[in-house]
Amino acid sequence: MSFDCCSVIETSQKDTALCPRCGEKGNPVPLATVGAMAKTEVAAVKLSAQEYQLCRNRDCPGVYYAGEVQLEKSDLRVPVNFKERNYEGPVCYCFNHTVASIRAEIKSIGHSTAQAMITQEVKAGGCACEVKNPAGTCCLGDVIRAVQAITTAKNTTLKQV
């Protein structure tokens, strides 16, 4: 658990490698994340690299890679929010804020309190993004995007009525 889990991690061009599956640039991901996310039956050879990259391309089944070694969505313990379409599951893996719960809160009270709650918990040292979030980074960006998408969809639906 670290207070700086929501800090911005800067990467340089030399830190990025292209996904061998789709060719998009990856982002470094902590070894602890890969180890925590992998199912126990994943072959040891897939977990033997010293550095992994994360592929955020929704259309690519690969999630983590190191050279030609790849871990796919099916190799992981949890669904990966940014890899799924029509996703209702967790966008905050530490405090279990889901797309469905954010949508319900917005419908009920008109806005989401998820961002404020997560920020408060991070300040209190209560997050473990590096081992609970498949991206290995703070979930706030994903939470904010989910809130914006739900709010936009709600407003679009209201305008059509």
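**Helix α2 and the cysteines**

Let's start with helix α2, residues 99-109, where V99, I102 and I106 are buried. Those residues lie on the same side of α2, because the arc they cover around the axis is only 70°. Keep in mind that this is a predicted model.

**Around α2**
- Turn to the other side of α2 and you find K107 and S108, both exposed.
- Just after α2 comes G110, with a positive phi of about 90°.

**Cysteines**
- The structure has zero disulfides.
- C139 is in no disulfide: its nearest cysteine sulfur belongs to C92 and sits 3.5 Å away, whereas a disulfide needs the two sulfur atoms within 2.5 Å.
- C139 has a relative accessibility of 2%, so it counts as buried.
- C129 is buried too, because its relative accessible area is 3%, and the cut-off for buried is under 20%.

**The chain as a whole**
- The chain has five helices and six strands, and from the N terminus on they run β-α-β-β-β-β-β-α-α-α-α.
- Of its 161 residues, 37% count as buried.
- Take the contacts between residues at least 6 apart in sequence: 60% of them join residues at least 24 apart.

Technical notes: Residues numbered from 1 in each chain as written. Predicted model: local features only at pLDDT ≥ 70, side-chain atom pairs only at ≥ 80, totals over all residues. Heavy atoms only, no water. Helix = DSSP H or I, 4+ residues; strand = E, 2+ residues; numbered from the N terminus. Buried < 20%, exposed > 50% of the residue type's maximum accessible area, 1.4 Å probe, protein only. Contact = heavy atoms within 4.5 Å. Arc of directions from axis to C-beta.
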